[in-house]
Amino acid sequence: MPLEKATGQDKKLQDRLLQAGEIPQHIAIIMDGNGRWAKRRGMPRIAGHHEGVNSVRDIVEACGQLGVKYLTLYAFSTENWNRPKHEVSLLMRLLLRALRDERDRLHQNEVQLKAIGDIAKLPQDVQDELLDAIKLMEDNRGLTLVLALSYSGRWDITNAIRRMAEDVRLGIVKPASVTEDLLASYLSTKDIPDPDLLVRTSGELRISNFLLWQLAYSELFISDEYWPSFRRKQLYSAIAEFQKRERRFGKVSEQIRKRQGSLEYVERFLKSVSKL
Ligand code: IPE
Ligand code: IPE
Ligand code: MG
């Protein structure tokens, strides 16, 4: 069991969410607005990135407690390399420090760490720390935390097609046998189910080259909160909103077993009441 358990009012909120419906199996987050958070307070952008680490800690912990299976965090995009050198360098230092500071706590909480993206582009010390942390946590069976670093959706798809083309050239794959599942198996997310819920903070209404393939049927939730002020309460609102959505996957409403869901809820609720 994870070390940190929810207590008091927070536990009540979590219990309410757990009773109200499904908890998304995979939540993906575009953590945006660090710079604006800092600017609004008259501080340098890096102060926002710094405070953003505290949001990461809180959201990871809350997801673990709620039984979310996968949490993917967009931490640094391919295009973010084009920011001023100074900011990129500070972000890399901060990433290194956060990995060092958080790894034991993550490990104790049974988190499994993964990374997606062009990891070879990261500074060597960041790569070493990251790979060490991944190795340390590889047998953990709690929340899988996926860090998207030097990542972009187009990079992911291009990389997959390049590798698949190579396998076609070698005769391992026949062009006629290329299916969606086969292409998905070449993506960096090959062992990870598609996100059920995509959250973007700071009010921006765009995907910014995140998981382009994988988001095909994810529910979208945009929060106006800047990432450093996005904490578990805001996450609970996003999940509650998700629970109200009807995911049709192209079908019509009548085909969706909504009634089944609400019956299960009543049953679960009655069971929990009878235990009181
Ligand atoms: C998100 O915050 C963090 C990264 C993209 C690394 P930003 O740095 O984009 O902050 P804003 O969007 O400029 O406020
Ligand atoms: C998206 O944020 C990337 C990450 C959160 C890592 P950006 O701040 O880079 O996105 P744009 O430029 O506003 O689209
Ligand atoms: Mg931004």
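These legends walk through a few views of a predicted model of one protein chain and its two ligands.

Local features here need pLDDT of at least 70, side-chain atom pairs count only at pLDDT 80 or more, and totals for chains, interfaces and linings use all residues. Side-chain values use heavy atoms, with hydrogens and water left out, residues are numbered from 1 along each chain as its sequence is written, and chains are lettered from A and ligands numbered from 1 in the order in which they are written.

View 1. Helices (H or I, at least four residues) and strands (E, at least two) are DSSP runs, numbered from the N terminus. Along the principal axes, the C-alpha atoms fill a box of roughly 55 × 55 × 35 Å.

**View 2. The open, six-stranded parallel sheet.** Read across, the order goes β3-β4-β2-β1-β5-β6. At the edges sit β3 (112-116) and β6 (219-222), each pairing on one side only. Two strands pair if DSSP finds at least two bridges between them. From one strand to the next, the twist averages 20°; axes are lines fitted to C-alpha atoms, for helices over the stretch in contact, and angles run from 0 to 180 degrees between N-to-C directions.

**View 3. Zooming in on β1 and β2, which run parallel.** Five bridges join β1 (residues 26-30) to β2 (residues 70-77). Look for A28, which stands opposite T72 in β2.

**View 4. Helix α5 lying across β3 and β4.** The helix covers residues 124-136 and runs at about 140° to β3. Contact means heavy atoms within 4.5 Å.

**View 5. Ligand 1 and its surroundings.** Among the residues around ligand 1 are M31, N34, H49 and L91; a residue counts as near if one of its heavy atoms lies within 4 Å. Polar contacts are pairs of N or O atoms within 3.5 Å; within protein, one must be able to donate a hydrogen and the other to accept it, and residues adjacent in sequence count only if both atoms are side-chain atoms. An oxygen atom of ligand 1 is 2.8 Å from an N or O atom in the D32 side chain. A polar side-chain atom of R45 also lies 2.8 Å from a ligand 1 oxygen. The protein buries 87% of the 380 Å² that ligand 1 exposes when taken alone; accessible areas come from the Shrake-Rupley method with a 1.4 Å probe, and for residues only the protein chains shown count as cover.
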